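Here's a walk through one chain, with an eye on what holds its parts together. Have the model open alongside as you read.

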Amino acid sequence: MRTLFHHPISPYCRKVRLVLGEKRLPFEAVVERVWEERPEFLALNPAGEVPVLVEDNGLIVPDSHVICEYLEEAYSDTPLLGRTLAERVEVRRLVAWFDGHFANEVTNRFITERVLKRLSGRGNPDGTVLREGYAAMKPNLKYMNSLAENRNWLAGNFLSMADFAAAAHLSCLDFIGDIDWSRAPAVRDWYARMKSRPCFRPLLADRVSGITPPDYYANLDF
């Protein structure tokens with residue numbers, strides 16, 4: 001069985017889970033607590049990071065970017081990068097924006113402070129870091145809202161890897177109740193469409209010990 005080593009509240013892992021689901025590729029999801037530094041896992045990925053995909057034939061594919069590019073090449077029946085060169089550039093630009101810029105300014109701050117510190121026993125959230133995250137979220141959501149207002153999907157007229165990258169980050173933030181959806185109504189409508197896709201159902205069922213998501217988290221209509 002294809003196996004994905006992941007953590008449920010990692011946007012990078014969620015992106016891969018969504019892409020696997022959208023491409024209808026069955027897999028076994030194994031939660032990996034990377035802070036435990038298991039030798040068996042480090043043998044799969046010396047960087048000690050999730051996600052890591054292990055194919056049926058034993059091929060080990062680490063890193064969400066590498067995994068998604070691999071899945072697009074190996075299982076091209078459901079293309080998620082676009083068909084023209086211009087479309088592929090825009091999809092890759094947005095994926096890089098969410099996994100780099102948005103992650104550094106917003107997602108990583110909240111996930112580290114609210115989730116990883118608690119799970120790994122590294123103390124209480126840093127209020128300064130959280131305030132910085134809230135301040136950064138406003139202009140980033142505003143930009144995303146402009147995309148959702150003017151396009152059918154974030155990269156254009158087609159569902160793409162950019163939508164799954166964005167949904168992965170927002171779903172993590174939504175899980176811990178840190179998004180004010182009233183600030184981005186177009187994003188909220190787009191996200192509701194993403195939540196209704198079959199590949200999203202496992203994410204809506206995720207639960208983490210000691211963290212209770214908002215009541216609306218699993219509600220397709222908020």
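Let's start with a salt bridge: R197 pairs with E22, and their closest N and O atoms sit 2.7 Å apart. A salt bridge here is a side-chain nitrogen of Lys or Arg within 4 Å of a carboxyl oxygen of Asp or Glu. The pair links distant parts of the chain, since R197 is in the loop between α7 (185-195) and α8 (201-204) while E22 belongs to helix α1, 175 residues away. Helices (H or I, at least four residues) and strands (E, at least two) are DSSP runs, numbered from the N terminus. By the same rule the count comes to 15 salt bridges. Side chains of opposite charge can pair when their charged atoms come close.

A word on the source: this is a predicted model, in which local features need pLDDT of at least 70 and side-chain atom pairs count only at pLDDT 80 or more, while totals for chains, interfaces and linings use all residues. Residues are numbered from 1 along each chain as its sequence is written, and side-chain values use heavy atoms, with hydrogens and water left out.

Now the two domains. The domain assignment, which is automatic or from a database, gives domain 1 (3-74) and domain 2 (85-205). Their C-alpha centres lie 20 Å apart. Contact (heavy atoms within 4.5 Å) takes in 17 residues from domain 1 and 26 residues from domain 2.

Together the domains bury about 1,900 Å², with 69% of it on carbon and sulfur atoms. Buried area is the accessible area (1.4 Å probe) that two parts lose on being put together, summed over both. On the domain 1 side, I9, R14 and L18 supply 34% of the area buried against domain 2, more than any other three residues.

In another salt bridge, D99 meets K15 at 2.4 Å, N to O. Here are the two named pairs:

| Salt bridge | N to O distance |
|---|---|
| R197 and E22 | 2.7 Å |
| D99 and K15 | 2.4 Å |

Which elements give two or more residues to the side of domain 1 that touches domain 2? They are α1 (11-22) and α3 (64-74), and α1 brings the largest share, 9 residues.

Aromatic rings come next. Rings of Phe, Tyr and Trp (its six-membered ring) pair if their centres lie within 6.5 Å; planes under 30 degrees apart count as stacked, over 60 as edge-to-face and the rest as tilted. That gives 11 aromatic pairs. For F110 and Y134 the ring centres are 4.9 Å apart and the planes at 70°, so the pair is edge-to-face. F110 lies in helix α4 (residues 85-120) and Y134 in helix α5 (residues 127-150), so this pair ties together parts 24 residues apart in sequence.

Finally, two backbone details. The peptide bond from V50 to P51 is cis, with omega near 5°, and P51 lies in the loop between α2 (39-44) and β3 (52-54). R24, in the loop between α1 and β2 (28-31), has phi near 60°, a positive value in a residue other than glycine.
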